[in-house]
Amino acid sequence: MNASRAAWLFLAPALLVLGIFFLLPVIGALGLSLTDYDLYALADIHNLRFVALHNYLALLQRPLFWSALGHTVYFVAVGVPLSMLTSLGAALLLNSPLARCKPFFRTALFAPVVTTVVAMAVIWRYLFNTKYGIANFVLGQLGLHPIDWLGDPHWAMPTIILFAVWKNFGYNMIIFLAGLQAIPPELYEAARIDGASAWRQLRHITLPLLGPTLLMVSILTVAGYFQLFAEPYVMTEGGPLQSTTSVLYLMYDEGFQWWNLGSASAVAFLLFVIMFAVTVAMLRLARRGASFEGDAA
Amino acid sequence: MSPRLARALIHGLLIGGTLVALFPLLWMLSVSFMQPGAASALPPPLWPAHATLGNYRVLFLRAGMGRYLLNSLLVASAITLLSLACNLMAGYAFAKLRFAGRERLLRVLLGALVIPAQVAMLPLFLLLKTIGLVDSYAGVIVPAMASVYGIFLVRQYTRGIPDELLEAARIDGAGEWRIFSQIVLPLLKPVMVTLAIFSFLAAWNDFMWPLIVLTGQGHYTLPLGLASLAREHAQDSELMMAGSVITVLPVLLLFLAMQRYYLEGLLLGSVKG
């Protein structure tokens, strides 16, 4: 049997699955977004019409799309830095030569990552209940006024961000920890002999050497956070006053509640384009930052 | 800062962080044993005054939680086994078999990772509707039978196997399938375990796609069942916490038992990629 034929036979199952159930639908989504596919077309395909870019233009004029995009960007812009800082802080603590019982702390801090989003979101709904929730009880003990965490349009998104940080920080913590452990200890040794403070060691050794890891992690985290859906679905159903309706929530609502599949596909594609643009921008920015530091040195 | 103070500060922060990370999980477990309504009190009770298994009984006998649990087990196991088979074969081909366009094909697949899965969901729903797989286990399982990430993970690991080993078998006249199944597969055991845990956890925790493709409660997985119960029984915190325990406990235990493989795999797929 020739080697090339064997290779294709080994590849066939995976490529068929990916081709039929991913690649084909992605191309289909582009096509679908150019049609007015809706409940009528679902019942009888003859009702389908080609509408060119009408779905996109209509979306760009809909306040709901812009507010969903705004909420998603809010979630990404606040949630990602907060998550990464928490991850980095936890990794630095775990990496400290002074810390004991590291495997225990590592496992405990990582545990939220493997849990089910839906179940955790249900728990947080009760922890942040206005009347009986622990969060408000603690505020009360501190002499602060209770907050209507999930019922106040100003507080709902911050609560979801807190939840996401709690749920996800352990993942990047493990990656940062591996990055920190790869830094040669001699560098810190030399810095200490030169009398560099802990803060300066962090600023001039740890962060620069962690640079590539930081960039990769931030790109992956941004991509993940743009896909916000299950949290608002369970915790707030997109409310109050649609203050937690994300782009994907809008896509789900438009597509599977109202069966406007054409318009929903346009939402999905716009999200993809935005995510792609943000990733490219981050890579560019990182490259420029790196060449700056190169010039300075 | 003196070393003693630094040590106290580091441990204080670690213990504080651990408490924050674990508190919701411990609270869930505790409340799940409380009498109905007992958690809605001030100050919020941390411990069941009269522990009961009643919430679990209600969930299994009246809310169909047993059905959801079986559905989840079935769907996650099937996805794990089938995706393991597809990804192992493809990953091996990318690592060890020569064919025209190998590197380009791999680049295309990796490039496809930038496309969020949700873009495919609307046409995928229509496709599965046409072939009659909407509201069936297959509708959840089939699209998850292969993953670019899994293929890549296997490829990275398989590249560490020396070519001489495979060449020697070829000279002895072993066929490609025999080389794969009898020589390569046994060596891939660690990455198989890693990949199996990843697929199982991802399939178990998945929410959006099952929510779309499973239209009737009969096929609901645990997260779907829990989400729909949470909408009906918003006030019954004790009942919902028991439901959360049933949903989370299996994956949490799996992780605790296999965490070495899980954490290694997490790094294999990211840093060393």
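How many residues does the contact take from chain B and from chain A? The contact takes 72 residues from chain B and 68 from chain A, two residues being in contact if their C-beta atoms, placed from the backbone, lie within 7 Å. On the side of chain B that touches chain A, at least two residues each are supplied by helices H1 (3-31), H3 (65-96), H5 (118-130), H7 (148-158), H10 (189-205), H11 (208-213), H12 (222-232) and H13 (237-270). The residues of this side divide into 56 nonpolar, 13 polar and three charged; here Ala, Val, Leu, Ile, Met, Phe, Trp, Tyr, Cys and Pro count as nonpolar, Asp, Glu, Lys and Arg as charged, and the others, Gly among them, as polar.

The model is predicted, with local features needing pLDDT of at least 70 and side-chain atom pairs counting only at pLDDT 80 or more, while totals for chains, interfaces and linings use all residues. Residues are numbered from 1 along each chain as its sequence is written, and chains are lettered from A and ligands numbered from 1 in the order in which they are written.

Turning to chain A, its secondary structure comes to 13 helices and zero strands (DSSP runs, numbered from the N terminus: H or I of at least four residues for helices, E of at least two for strands). Its C-alpha atoms fill a box of roughly 80 × 70 × 45 Å along the principal axes. Of the 297 residues of chain A, 39% count as buried, meaning that 20 or more other C-beta atoms lie within 10 Å of the residue's own, against 12 or fewer for exposed and partly exposed in between.

One pair of helices in chain A deserves a look. H4 (residues 63-95) and H10 (residues 198-226) pack at an angle of about 140°, with axes 9 Å apart. H4(A) is therefore oblique to H10(A). Among the residues that meet are A:Phe75, A:Val76 and A:Gly79 in H4(A), and A:Val217, A:Thr221 and A:Tyr225 in H10(A). The residues of this contact divide into eight nonpolar, five polar and no charged.

Beyond its neighbours within four places in sequence, A:Ala121 contacts A:Phe163, A:Ala230, A:Glu231, A:Val234 and A:Met235.

By contrast, A:Leu57, in helix H3 (residues 54-60) of chain A, is exposed because 12 other C-beta atoms lie within 10 Å.

Conventions. Axes fitted to C-alpha atoms, helices over the stretch in contact; angles between N-to-C directions. Parallel < 35°, antiparallel > 145°, perpendicular 65-115°, else oblique.
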